[in-house]
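Student: Can you walk me through this one? I'd like to go piece by piece.

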Amino acid sequence: SSTGLGDAVLSNPALLATRNRLQFQATGRVRWNQEKRTREVFDSYSNSVGLNTDLLHSRFYYQLNSLSFGYIYRQQAGPRIGVGFGLAREYSFDYGYRREIRDAFYYLTEVRDSSGLGQIYRFTLSLSCQPIARISFGLGLSQLRGHQEYRIENTSFDPATPSYSASCHRGLNGSRLEWGLW
């Protein structure tokens, strides 16, 4: 029997034994993040003169999200056995944020940029068994690896305030054991 309930290797390892002889799946992701922050501007008589845009952020992402392969073997009058391998982006640290600081006359005095960069990837090996027609079990072992970088840069247009920048970087790794029942 075959089910259409997601990736048999990466979502629930028990699903792999319920699939056909070969299993392949690839997914992608497209997203567009946009943010705009405004504030109302007043003159010296407390009259509103309009909106000032403090922040305008827009970023477009497109990337491969997951890739998985599986092979299902069925013996004569025996259980179905499935073995699979998958690769997925588990988490993304990518973002960018810019903020402009203005004085009482709305002159630009400082620009604050902060950004993040990095991904966590998951490599999964799964094993599945369907001993009878309506029940299957599965185990998956995942290795998680990635990195994260954070950058901050403040640019000051006031000579009394210094500009500065800083960054930090770290590597990430771990493992996870998953089990499934279907």
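Student: Let's start with Phe69. Is it buried, exposed or partly exposed?

Tutor: This is a predicted model, so keep that in mind. Phe69 has 43% relative accessibility. Buried needs under 20% and exposed needs over 50%, so Phe69 is partly exposed.

Student: And Phe24, buried or exposed?

Tutor: Exposed, because its relative accessibility is 51% and the cut-off is over 50%.

Student: How many aromatic pairs are there?

Tutor: The count is 2 aromatic pairs. One of them joins Phe24 and Phe69. Their ring centres are 5.1 Å apart, and the planes meet at 40°. Stacked needs under 30 degrees and edge-to-face over 60, so this pair is tilted.

Student: Where do those two sit in the chain?

Tutor: Phe24 is in strand 1, and Phe69 is in strand 2, which covers residues 48-74. They are 45 residues apart, so the pair links distant parts of the chain.

Student: What about Tyr91 and Phe93, how are their rings arranged?

Tutor: Tyr91 and Phe93 are edge-to-face, with 65° between the planes. The distance is 4.9 Å centre to centre. Tyr91 is partly exposed at 49%, whereas Phe93 is buried at 15%.

Student: Back to the strands. In which sense do strand 1 and strand 2 pair?

Tutor: Antiparallel, over 21 bridges. For example, Val41 has Gly50 in strand 2 as its bridge partner. The hairpin has 5 residues between the strands, and Ser46 there takes a positive phi near 65°.

Student: Which residue has a positive phi in the hairpin of strand 2 and strand 3?

Tutor: Ala77, with a phi near 55°. That hairpin also has 5 residues between the strands. Strand 2 and strand 3 pair in the antiparallel sense, over 9 bridges. Arg74 stands opposite Arg80 in strand 3.

Student: New topic. What does Gln23 touch?

Tutor: Leaving out residues up to four places away in sequence, Gln23 touches Leu16, Ser68, Phe69, Gly70 and Ile72. Gln23 lies in strand 1, residues 22-42. Its side chain also makes a polar contact of 3.4 Å with the side chain of Arg19.

Student: Why does Gln23 count as buried?

Tutor: Because its relative accessibility is 11%, and buried means under 20%.

Student: Last one. How many disulfides does the structure hold?

Tutor: The structure holds 0 disulfides. A disulfide is a covalent bond between the sulfur atoms of two cysteines. Cys129 is partly exposed at 25%. Cys168 is partly exposed too, at 47%.

Definitions and conventions
Residues numbered from 1 in each chain as written. Predicted model: local features only at pLDDT ≥ 70, side-chain atom pairs only at ≥ 80, totals over all residues. Heavy atoms only, no water. Helix = DSSP H or I, 4+ residues; strand = E, 2+ residues; numbered from the N terminus. Buried < 20%, exposed > 50% of the residue type's maximum accessible area, 1.4 Å probe, protein only. Polar contact = N/O pair within 3.5 Å; in protein donor to acceptor, adjacent residues only side chain to side chain. Contact = heavy atoms within 4.5 Å. Disulfide = S-S within 2.5 Å. Phe/Tyr/Trp six-rings, centres within 6.5 Å; stacked < 30°, edge-to-face > 60°. Pairing = 2+ DSSP bridges.
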